[in-house]
Amino acid sequence: MKLSVVIVNYNVKYFLEQALLSVRKALEGIEGEVFVVDNNSVDDSVIMVRDKFPEVRLIQNNSNPGFSKANNQAIEESSGEYVLLLNPDTVVEEDTFRICLGFMDSHKDAGALGVKMIDGSGKFLPESKRGLPTPWVAFCRMFGLSWLFPRSQTFNKYHLGFLDENETHEIEILAGAFMFIRKSVLDEVGLLDETFFMYGEDIDLSHRIGKAGYKIYYHPKSKIIHYKGESTKKGSLNYVLTFYNAMIIFAKKHFSSRQAQLFTILIRAAILFRGLLTLLGNGFKKLVWPLLDFAMIFGGLFLLKQVWANFYFQDPNYYPDYVTYTVLPSYSFLWVISILFNGGYDKPLRIGSLLRGILVGTLILAAIYAFLSLEYRSSRILILLGTFWAISILPLSRMLRNLIRHGGLRSKKDAQERVAIVGSPEEYLRTNLLLDKAGVKKNVLGRIAATDDPKDQFSLIGNINQLSDIVRIH
């Protein structure tokens, strides 16, 4: 057997299908085998592999043991002279395997090989070639020096930006998306370290291969598409924590205690910084609509105050300054708070909750106004006019948002809820019937079983242990 291809999958069925189609084509005329290790996906990946790729050796896990352990499961069963660890969100060229095999066969000093990776738009991915993340390299990477000086040998050793991407080079670290490794080298240095649940295992294995005296090459004569981040979403705070903690494990394993300590300090500073940015970003997103509503209500009240003073009192200066600087902001703030507590900012944004919040706010303002002494009462007409203004402009802003985002006046989420029912087959049918009788607009995805009994398959999309994944996927 010449080549064993190992793909670990976790809820990326459609990308996995593309990857397997390209692997099937690239293996034509080569004695090879393909492993897919599925880490308890809930998107029918297993069914797809069984139906469309019967030649694939499928390993189905009942839990998610992590990337390293899943790869090791297949490597231990493999019999190829070479092992390729391949991400499911990749597409290889028809001659990728032939080029890699030819290079490795002619370079006996090579322990592992990486190729040129491009993203879905054809842009070169710099992680195709990487250097060892020492404390200095990590500092330059985490604090933007490598980005500011992409071609610098001093500041961008992480992505080896000073090396020509179109030339073959010796490098230190391979990207986990494509690791073409001599099996005898794996037998010597060991498999992936299962201490790394996800991220960091590629750096660790590459470093061990290099320390054992073997060379690692970057070979751009063949390239692959890597839909970067599809197999593991990389924008969340959870990703930041997982990735940087993996770097700490690597530092403690391979660096001196002093280097590891310095590396850990840098990593934790970066985690704090990235976490702060993420929290600020999430907080701002939640405040967008309340701030916008406050501005629209206050702006409308200010204009209405001026119009009423001119029209009714024939005096543009009828209202004292404190009305503008104190009363109107207070009214606006109370309406926004009332909308908040009546669910007006819950997703999806609903007009009914918004109107209820405005009316409740008006009643509260009217009650407060009634208890104020005469000297502090500004004008009841401003409350009344403000109510009509808010009822008119705030729903209009929501409809305008839906028109821009969804092409209609209503949110697509309002049209039909996605529903999954947790329970036995009998309860699933009974609940479905109740929802129908209640006239609930719904799109029932299927049933979630309370157990993982393999005999219980009626309308099944997963079991209760997979609930968070089912919610995320659907």
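Two strands count as paired once DSSP finds at least two bridges between them. Strands (E, at least two residues) and helices (H or I, at least four) are DSSP runs numbered from the N terminus. This is a predicted model, where local features need pLDDT of at least 70, side-chain atom pairs count only at pLDDT 80 or more, and totals for chains, interfaces and linings use all residues. Residues are numbered from 1 along each chain as its sequence is written, and side-chain values use heavy atoms, with hydrogens and water left out.

**View 1. An open sheet built from E10, E11 and E12.** The 3 strands line up in the order E10-E11-E12, with parallel pairing. E10 (417-422) and E12 (460-463) are the edge strands, each pairing on one side only. Neighbouring strands are turned by 35° against each other on average, direction ignored; axes are lines fitted to C-alpha atoms (for helices, over the stretch in contact), and angles run from 0 to 180 degrees between N-to-C directions.

View 2. E11 (residues 442-449) and E12 share 3 bridges in the parallel sense. Look for Ile-448 opposite Gly-462 in E12. Helix H15 (residues 425-437) lies across E10 and E11, at about 160° to E11.

**View 3. Helix H8, residues 201-211.** Here 9 of the 11 residues are buried, so the rest of the structure largely encloses H8. Buried means under 20% relative accessible area (1.4 Å probe, protein chains only). Among the buried ones are Glu-201, Asp-204, His-207 and Arg-208. Just after H8, Gly-213 has a positive phi of about 100°.

**View 4. Helix H5, residues 135-142.** Its buried residues include Pro-135, Val-137 and Cys-140. Gly-144 follows H5 with a positive phi, near 85°.

Conventions: Buried < 20%, exposed > 50% of the residue type's maximum accessible area, 1.4 Å probe, protein only. Contact = heavy atoms within 4.5 Å.
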